[in-house]
Amino acid sequence: MTQRNSTMRLLGVALLLSLPAPIVIVAGASFNGGGYIQFPPDTYSLRWYVETFTDPRWPKAFAVSLGIAAATAVIISAVNFMAAYYVVRYAPRIASALELAIFSPLFFPHAAMGVAMVAMVGQFGLLGTAPGIILAHLVITLPFSYRPIHIAMRSIDPDLIRAANVMGASEWQALKDVVLPLCRSGILTSLLFAGIISFDEVTVTMFLIGPNITTLPVQIFAFVQDSASPVLAAISTISVLVTFAAVLLLDRFAGLTFFARRDAA
């Protein structure tokens with residue numbers, strides 16, 4: 001039994017060490033002084049990071065991705081907050097049906113969703129525009145944003161809201177002064193998860209870009225078709241660091257376990 005436990009522990013350690021291995025390889029290759037991706041590098045240089053910041057394509061694509069991610073996170077979190085509040089407060093019987101509808105984007109391949117988004121966004125004349133991409137990202141991030149807010153809403157004692165109403169608070173005042181502060185962790189989790197997913201989305205976005213706008217993941221995908229320059233490794237490393245920083249913020253202010261908690265009974 002002891003030998004079996006030791007073997008399982010060894011396998012667990014090996015698995016944990018192998019998970020970041022691709023990231024380590026990409027990060028190492030980004031410091032290669034040569035003109036192609038190589039790990040380990042023969043020579044070391046920061047030239048590819050310099051190129052990342054001096055080539056206007058990359059900062060522009062990064063800024064576009066960041067702006068779209070921020071707008072998507074704020075809009076979808078606000079919409080899901082109001083939806084979760086209405087369901088928990090006034091219509092708990094439709095909670096299951098609503099959750100099925102909200103989680104439905106997870107059931108479809110992103111390529112098929114991209115085709116559908118072209119048709120939908122095209123109806124509004126938003127193909128090749130930031131609002132069109134944001135509209136698509138709202139659908140993609142919907143299930144990831146709703147769950148933490150709904151969990152936070154379910155954890156609030158209804159008597160607190162009733163007490164606020166008894167003390168003379170209006171529905172809006174109770175929502176602003178009682179519900180909103182108590183849902184802070186859920187809202188923050190929603191903002192960060194939606195932002196990360198939107199920032200990294202590539203498959204659906206490829207269908208919606210235009211000559212005047214592209215995102216960083218799509219720009220990377222297009223660039224890799226024609227080149228194996230280590231600048232790709234540098235950009236990927238920076239993207240990983242940005243995502244990692246967002247996860248650290250999530251852990252610091254909300255806790256990584258919050259997103260995985262079960263709904264309150």
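1. Val179 is in contact (heavy atoms within 4.5 Å) with Phe81, Tyr85, Met153, Ile156, Ile161 and Ala174, leaving out residues up to four places away in sequence. The model is predicted: local features need pLDDT of at least 70, side-chain atom pairs count only at pLDDT 80 or more, and totals for chains, interfaces and linings use all residues. Residues are numbered from 1 along each chain as its sequence is written, and side-chain values use heavy atoms, without hydrogens and water.

2. Val179 is also one of the residues with the most contacts inside the largest nonpolar core, together with Phe81, Met153 and Cys183; this core has 19 residues. A nonpolar core is a set of buried Ala, Val, Leu, Ile, Met, Phe, Trp, Tyr and Cys residues joined through side-chain atoms within 4.5 Å; buried means under 20% relative accessible area, exposed over 50%, and partly exposed in between (1.4 Å probe, protein chains only). Two or more residues each come from helices H4 (57-90), H5 (95-102), H7 (130-154), H8 (158-166) and H9 (171-182). Helices are DSSP runs of H or I with at least four residues, numbered from the N terminus.

3. Another core, of 16 residues, lies apart from the 19-residue one. Its members include Ile68, Met113, Met117 and Leu138.

4. Thr52, in helix H3 (residues 47-54), counts as buried because its relative accessibility is 6%. Beyond its neighbours within four places in sequence, Thr52 touches Trp58, Pro59, Val231, Ala234, Ile235 and Ile238.

5. Met206 lies in the loop between helix H10 (184-200) and helix H11 (216-224). With a relative accessible area of 36%, Met206 is partly exposed.
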